[in-house]
Amino acid sequence: MTSTLTRREFVAGTGAAALTLGMPRSLALPEAEPFRISLAQWSFHKALRAGTMDHLDFAKVARTRFGIDAIEFVNTFFKTRATDPAYLAEMNRRAKDSGITHHLIMCDAEGRLGDPDPAARGRAIENHHKWVDAAKTLGCITIRVNAESEGAPDEQQKLCADGLHRLTEYGAAQDINVIVENHGGLASHGDWMAGLMRLVNHPRCGTLPDFGNFYEYDRYQGVTDMMPFAKAVSAKSYDFDQRGEETTIDYRRMLRIVTGAGFHSWIGIEYEGDRLGEEEGVARTKTLLERIRTELAGS
């Protein structure tokens, strides 16, 4: 383990439990590097859905086309393979061949972890177990889930906290984090998410602030609210001007918020624009992140 064990990354970026449970060597950072760059599979959702990219090729694409060494999966692109040992072994083989680290799995469409019906909530928790297991097999450290419920905000918070805590207990037994993204509904309100984290109150449970998913809530305040609990960050992008700046989001402001909170781990590129092709959108997002990273390292 490198000397970076003293950095705040190991609290803000991966959870306080990492100090006692051990940190994967792949997370170690040079002291001068403000953050690392990973690639979210959602950046290629159009190509994956159209069949012009195969899920198994994602690791090679990240490495050979973009020089990126960590990737973030979306479960819907291998939904039926979570319990297929041979398929997961092939994913691991291809990652090893490309020098890729599997960072996390984004999990959707497995039921509401805050469902008001206790039986349905229990089924949702159990549905996510296979993704915790798959994450462990793939060498990930985290799964990303959604905080979905219904009813009054306070009641939704309590119900989601129950589901999250129970799922996190299962994940913690396998050294897997469970994190929540601002992904619509009350989860896209930073103050509500911060309150949810305080209710769950588990070192393995945290947030994944996404730059672009706050809707009616101020995005900069939302990221600020969520950063004390962040174990991953999503750099959402839509379009770029002639200077290479993102046209919707002030990336410098966002990255100062992120690194100012003591987060120095992976920030995942998640291009979701329409004007540029997916490959160009990812490349421009990476260039912008690298440029600002250099600025931050020199400040």
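A crossover is right-handed if, with the strands pointing away from the viewer, the path from the first strand over the helix to the second runs clockwise. Helices (H or I, at least four residues) and strands (E, at least two) are DSSP runs, numbered from the N terminus. This is a predicted model, in which local features need pLDDT of at least 70 and side-chain atom pairs count only at pLDDT 80 or more, while totals for chains, interfaces and linings use all residues. Residues are numbered from 1 along each chain as its sequence is written, and side-chain values use heavy atoms, with hydrogens and water left out.

1. Crossover units. A right-handed β-α-β unit is made by β4, helix α7 (residues 153-172) and β5. A right-handed β-α-β unit is also made by β5, α8 and β6.

2. Strand pairing. Two strands are taken to pair if DSSP finds at least two bridges between them. Strand β4 (residues 142-145) pairs with β5 in the parallel sense over four bridges, and Ile143 has Val178 of β5 as its bridge partner.

3. Buried denotes under 20% relative accessible area, exposed over 50%, and partly exposed in between (1.4 Å probe, protein chains only). Five of the five residues of β5 are buried, so the strand is largely enclosed by the rest of the structure. Both of its faces are covered, with Asn177, Ile179 and Glu181 buried on one side and Val178 and Val180 buried on the other.

4. Arg144. This residue belongs to strand β4 and is buried, at a relative accessible area of 2%. Its side chain makes a polar contact (a pair of N or O atoms within 3.5 Å; within protein, one must be able to donate a hydrogen and the other to accept it, and residues adjacent in sequence count only if both atoms are side-chain atoms) with the side chain of Glu181, at 2.8 Å. Leaving aside neighbours within four places in sequence, Arg144 is in contact (heavy atoms within 4.5 Å) with residues including Asp108, Ile179, Glu181 and His183.

5. Helix α9. Why is α9 (residues 219-226) described as largely enclosed by the rest of the structure? Six of its eight residues are buried, namely Arg219, Tyr220, Gly222, Val223, Asp225 and Met226. What covers these buried residues includes β5 (177-181), α8 (190-200), β6 (205-208) and α10 (251-260).

6. Phe35. The loop between α2 (18-21) and β1 (36-40) holds Phe35, which is buried with a relative accessible area of 0%. Phe35 and Ser265 are 230 residues apart in sequence, yet 5.2 Å apart in space, C-alpha to C-alpha. Leaving aside neighbours within four places in sequence, the contacts of Phe35 include Leu255, Ser265, Ile267 and Leu289.

7. How many cavities of 30 Å³ or more does a search of the whole structure find? The search finds one. About 50 Å³ of space lies in the largest cavity. α4 (58-66), β2 (70-74) and α5 (85-98) each supply at least two residues of its lining; among the lining residues are Phe58, Ile71, Phe73, Met91 and Arg94. A cavity is a set of points, on a 1 Å grid over the protein atoms alone, where a 1.4 Å probe fits but cannot get out, and lining residues have an atom within 4 Å of a point. Grid points are joined across faces, edges and corners, and a volume is the space filled by probe spheres set on the points.

Notes
1 Å grid on protein atoms, 1.4 Å probe; cavity = no way out; pocket = protein on both sides within 12 Å on 5 of 7 lines; lining within 4 Å.
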